[in-house]
Amino acid sequence: MTVDRPTGDSRAWRSALLARVVAEIEAEIRRAWERLLLDLEVEPDSAEAVELAWLVAEDPAAYDWRTVDGALDRLSCPTCGSRLTQGPAACETCEFHHRMRFGAREVDRRHVPPGNEHALRVASAVTRTRHRCSARARVGYELTLPDLVAGALPTTRQAQAGKALINKLTDDECDRVVSFAQVEQLAGGR
């Protein structure tokens, strides 16, 4: 079963679980942005809020990654007109800000292994801007994202084993699978 992306995008997620997890992440991102507006006494949807969003986008290292993603979600790309970072892969402005987002702070949540927050941030960025990534990168990060949100962190060996299996799939297979069990089944014997 696939569920439409909560932001109204016509693209469907690979599973209902992924749709729920992305909706949770997007809610956290909205709340982080709203907290910054509240802390700075800035009215949402005001010209001052747009100016603040640009300031955050230009200096991501000063903010938590959720706040940065919240700012990016409120900006339009001056080059392609899409939501910033969501434009076509050929848009240099979107690509620049997509890469800049990774300069944002990441503080591991309580009771998760060190590095979980980094993995969660990368997986959510890939999932939310999936057209910028290969089919193999998308499937790996999208299938891992629910476990990362739950606090898990694959070991290097587990991640490498998963990648080796994914590399045996065709792009079409990568786009169709909804679980690592399916990845293992399709990759088996290849």
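Helix H1 (residues 16-39) and helix H3 (residues 65-72) have axes that come within 8 Å and cross at roughly 90 degrees. Angles of 65 to 115 degrees count as roughly perpendicular, and H1 and H3 are therefore roughly perpendicular to each other. The model is predicted, with a mean pLDDT of 92 for the protein chain.

**Contact of H1 with H3**
- On the H1 side, the contact is made by Ile 25, Glu 28, Ile 29, Ala 32, Trp 33 and Leu 36.
- On the H3 side, these residues meet Trp 65, Arg 66, Thr 67, Asp 69, Gly 70 and Ala 71.
- By class, the contact of H1 with H3 comprises seven nonpolar, three charged and two polar residues.

**Largest pocket**
- The largest pocket holds about 690 Å³ of space.
- Its lining consists of 25 residues, and Gly 140, Thr 144, Pro 154, Ala 159 and Phe 180 lie nearest the centre of the pocket.
- At least two lining residues come from each of helix H5 (116-128), helix H6 (135-149), helix H7 (156-166) and helix H9 (180-187).
- H7 gives the most to the lining of the largest pocket, with nine residues.
- The lining of the largest pocket has 13 nonpolar, eight polar and four charged residues.

**Confidence**
- In the protein chain, 94% of residues reach a pLDDT of 70 or more.
- Helix H2 (residues 47-58) has the highest confidence, at a mean of 98, and helix H8 (residues 171-176) the lowest, at 94.
- Over residues 1-10, pLDDT stays under 50, and the model has 27 contacts beyond four places in sequence for these residues.

Terms used
Residues numbered from 1 in each chain as written. Predicted model: local features only at pLDDT ≥ 70, side-chain atom pairs only at ≥ 80, totals over all residues. Heavy atoms only, no water. pLDDT = per-residue confidence, 0-100. Helix = DSSP H or I, 4+ residues; strand = E, 2+ residues; numbered from the N terminus. Contact = heavy atoms within 4.5 Å. Axes fitted to C-alpha atoms, helices over the stretch in contact; angles between N-to-C directions. Parallel < 35°, antiparallel > 145°, perpendicular 65-115°, else oblique. Nonpolar A, V, L, I, M, F, W, Y, C, P; charged D, E, K, R; others polar. 1 Å grid on protein atoms, 1.4 Å probe; cavity = no way out; pocket = protein on both sides within 12 Å on 5 of 7 lines; lining within 4 Å. Points joined across faces, edges and corners; volume = space filled by probe spheres on them.
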